[in-house]
Amino acid sequence: MAHKILIVDDEPNIVISLEFLLKKEGFEIALAGDGDEALAQVAAFNPDLVLLDVMMPKKSGYEVCEILRADPQHGGLLILMLTAKGRDTEVAKGLAIGADAYMTKPFSTKELIAKVKHLLGVV
Amino acid sequence: MKAKQRFLIAVAVLGLLMTGPFIISSLLVWLDMKADERDMLIRLLTSRLPTGTVMTLFGFAIGVVVLHKLFKQYIEGLLRMAETLRLMLNANRDFRVSLDGPPEVRQLAAAANDLAAQRDALMDDVESQIARAKASVEEEKNRLAALMSELAQAVVVCNLDGRILLYNNRARLQFKALTQGPTSVSGGALIGLGRSIHSILEKSQIEHALEVIRQRLAAGKAALANFVTTTRGGQLLRVQMVPVRASGGEGEAALSGYVLTVDNITHSIEQEGRRDQALLALTEGSRAALGNIRAAVGNLIDYPDMETELRERFVKVVADEADKMSQSLDRTMAGFSDSLKTRWPLEDVLAIDLIAAAQRRIGDKLDLPSKTEEQDDALWIKADSFSLVLALTYLASKLQDHYAPRELRFRLTSAGKLAYLDLIWAGPAMSSETFYTWEMDAMNVGGENSPLSLRDVIDRHGGEIWYQREKAAHRAFFRFVLPVATPEIGAEAEDRSRSAGRPEYYDFDLFNFADKSIDLDRKLAELTYTVFDTETTGLEPSKGDEIIQIGAARIVNNRLLHQEIFDQIVDPEIPLKPESIPIHGITEDMVRGKPNIDVVLPAFHEFCEDTVLIAHNAAFDMRFLQLKEERTGLQFAQPVLDTLLLSAVVHPNQESHKLEAILERLGLQIETRHNALEDALATGEVFLKLVPLLEEKGITTVRQALEASEKTYFARIKY
């Protein structure tokens, strides 16, 4: 069965590429444009992995991450955080509050796919 | 005429008085008599002459005794009193005339004593007033010096010749950091009381600035001048000069010195440069790549039906350029992340100091006890301590309101360039929403409102904060992530220990003390000295023994300066002798990797420039220095005084002139011995004690001291 990935980002220009790319790789994809939507989608779509942007309206990626991590129902959910800022303090925070991995924009599509596959354990 | 002679004359006069009238009247009667009368008289007299003579002699003797008594009591008594009064006048104020002798003399003595008592009272009063005035001046000076030493800016005060009269700790550290080569060797050698500022700052630039100030003064403008200068080591200094005016004077002639405030702007200029570079890399650097992408994309859009091969080439252009931009952005971020951070002024703070401040405040404001756990007590962070302490207190008060924890704990750790400051409490889990509201709300603690939110404070620091649980321990913490600072100026702890007691960074008496060059005929108390001592591998320099430590301090204006020291271990490049190690306490481990004598000697040479050298048993130490002359090309040609010889000059009858013996004799105590610096300091103390003793012997100049030293027995020992 194909792994399910939820893409959470408020920038359509990156979403379009991510969606295209991950679908090509055979993943099942759902989209969310802000933090609240993301939480709703996690409940409805029940993904294996979330690509989570940090800077978003309503709820930030950190908040979403903390809420998800506080909920034991989603214990096995993988979270890969994406950010446009590359500061080491943010990376430290993201990993500390429960993200499994962290990537800084701009990243190469190859690297992202490799990271996602690595997290999901598919090579 | 002496008292004794006068007494003899008085005795003679008494004799004449007793016999004269009788003899003269007898003579007159005799001349008037006839011959038979004279015969009868002779007959009468010869039978009774013995009685008369005896009576006369008896009367004369009593007269002499009385005269002697009177003489003793009145003449000699008064003479003694005069001597006593002289003594009271000159040597011993407390001496008094003893009340004996006849009543008249006693009255005089009592009156003299009363007069002396009155004089003493007046003198005491004057002295105490002088002492009070002196103390208040001293206190003012100390206050000024204390104030200066706390300033974060480097301040140096000089007289018009460029001699340093005052400098603060910051200046010392800053200039110490400027010295080239192994800084531990230079040991702040460049800056020191009585030294010339021109060794640090260009003389011509200082003079130009003084000229500017004079012109501004003449034009009635605010008297100050600024200049930027480079040091020998290539550091950029921004210097501000303000004049010191002689009290009471006006105009140009009244300048007596100047105050320099010095900022090392190398770092900030560098940072600004880096920021500009980053900006340039991001703008100019991206322009070309973006241009290429736009052209390629434009073609792709405008000619959708172009050949596949061409189309692929355009797409590749886009991919390549985007890739290049990504890489350049990564490079910029990696290289300039420090420069791009917030420009809010942050200071270097010792993190445990900050925690201690927060603990106090939380205790005071909220009555909430707190403890510390694991603490990295050497961790410095870049912080605005006020807002950080406020943030910690704010969080503590929020916790108190919501969870009423019994106590809080602080933890301090670090990972690479990040410091972790944790505020820990035991209690139930909190929701992340709650924390986010705490983070965004304006902070207020116990009625004290701040326009800032926790998030603002964190952003100012370029830091992060989050909430995290320690499930196993049933507790949670807020983690502040803050940038680690590398304090520019370290080693302050070591310096503080030395500066206990009276600050020695100033000497205003130097205002009128221009010429410091060595003049052998100047007073001993007026010259600048370097007292030094060496530790060596053994006692035979000619057989290959080497210096392993040099310690030295300066004496300026009759004061031993504990802050202006030279303290350096030297690698002798030969094995240490095991039997000597217990004496000097320096081991192989301590000397290996230290600079060798070729490096240390030039620094020491600079340290003692223009000073008279002092050492105990100086011939020994000088021999070691002289043996290196050929190799280093450095001559220690200045005059050398030896406290061993000077002690022999002062106390020729004492058996021992070892440093220990002299220290004991002069009532001096020092803690550790046989460490070059400690011994040098002890030698300095000894010298200062010897100066007044030499003066008593009429030895007041360096030339006299050298000549007297040469004549002592000990001067003949050769190494």
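Strand E4 (residues 236-245) and strand E5 (residues 255-264) of chain B pair in the antiparallel sense, with nine bridges between them, and within this pairing Val242(B) has Val259(B) of E5(B) as its bridge partner. The structure described here is a predicted model. The two strands belong to an open sheet of five strands in chain B, which has the order E2-E1-E5-E4-E3 and antiparallel pairing. Because E2 and strand E3 (225-230) of chain B stand at the edges with a single partner strand each, one side of each is left without a neighbour in the sheet. Direction ignored, neighbouring strands of this sheet are turned by 25 degrees against each other on average. Helix H6 (residues 203-218) of chain B lies across E3, E4 and E5 of chain B, and the helix runs at about 170 degrees to E3(B).

At the other end of the strand order, strand E1 (residues 154-159) of chain B is joined to strand E2 (residues 164-167) of chain B by three bridges, and the two run antiparallel. Val157(B) stands opposite Leu166(B) in E2(B). The hairpin formed by E1(B) and E2(B) has four residues between the strands, and Gly162(B) in this hairpin takes a positive phi near 85 degrees.

Chain B as a whole has 22 helices and 19 strands. Of its 719 residues, 27% count as buried, and among the contacts in chain B with a separation of 6 or more, 67% are accounted for by residues 24 or more positions apart.

Helix H2 (residues 35-90) of chain B spans only 72 Å between its end C-alpha atoms, whereas a straight helix of 56 residues would span 82 Å at 1.5 Å a residue. A bend of about 55 degrees is located at Arg48(B) in H2(B), and the proline Pro50(B) follows within four residues. H2(B) is also hardly covered, with a count of one buried residue among its 56 residues. Helix H21 (residues 676-696) of chain B, by contrast, has 21 residues and reaches 31 Å from its first C-alpha to its last, which is close to the 30 Å expected at 1.5 Å a residue.

In chain A, five strands form an open sheet in the order E2-E1-E3-E4-E5, and here the pairing is parallel. Strand E2 (28-32) and strand E5 (101-104) of chain A stand at the edges of this sheet, each with a single partner strand, so that one side of each is left without a neighbour in the sheet. From one strand to the next, the twist averages 20 degrees. Strand E1 (residues 4-8) of chain A runs parallel to E2(A) and is joined to it by five bridges, and the bridge partner of Val8(A) in E2(A) is Ala32(A). Helix H5 (residues 109-120) of chain A lies across strand E3 (49-53), strand E4 (78-83) and E5 of chain A, running at about 160 degrees to E4(A).

Most residues other than glycine have a negative phi. Lys58(A), although not a glycine, has a positive phi of about 65 degrees, and its place is in the loop between E3 and H3 of chain A. Lys58(A) counts as partly exposed because it has 14 C-beta neighbours inside 10 Å. In chain B, Asp367(B) has a positive phi near 55 degrees and is placed in the loop between helix H9 (351-366) and strand E7 (370-375). With 8 other C-beta atoms within 10 Å, Asp367(B) is exposed.

The contact between the chains takes 14 residues from chain A and 15 residues from chain B. On the side of chain A that touches chain B, the elements giving two or more residues are helix H3 (61-70) and helix H4 (88-96) of chain A, and the largest share, six residues, comes from H4(A). The residues of this side of chain A divide into six nonpolar, two polar and six charged.

Conventions: Residues are numbered from 1 along each chain as its sequence is written. Chains are lettered from A and ligands numbered from 1 in the order in which they are written. This is a predicted model: local features need pLDDT of at least 70, side-chain atom pairs count only at pLDDT 80 or more; totals for chains, interfaces and linings use all residues. Two residues are in contact if their C-beta atoms, placed from the backbone, lie within 7 Å. Ala, Val, Leu, Ile, Met, Phe, Trp, Tyr, Cys and Pro count as nonpolar, Asp, Glu, Lys and Arg as charged, and the others, Gly among them, as polar. Two strands pair if DSSP finds at least two bridges between them. Axes are lines fitted to C-alpha atoms, for helices over the stretch in contact, and angles run from 0 to 180 degrees between N-to-C directions. The expected span of a helix is 1.5 Å times one less than its number of residues. A residue is buried if 20 or more other C-beta atoms lie within 10 Å of its own, exposed if 12 or fewer, and partly exposed in between; C-beta atoms are placed from the backbone. The bend at a residue is the angle between axes fitted to the seven residues ending there and the seven starting there.
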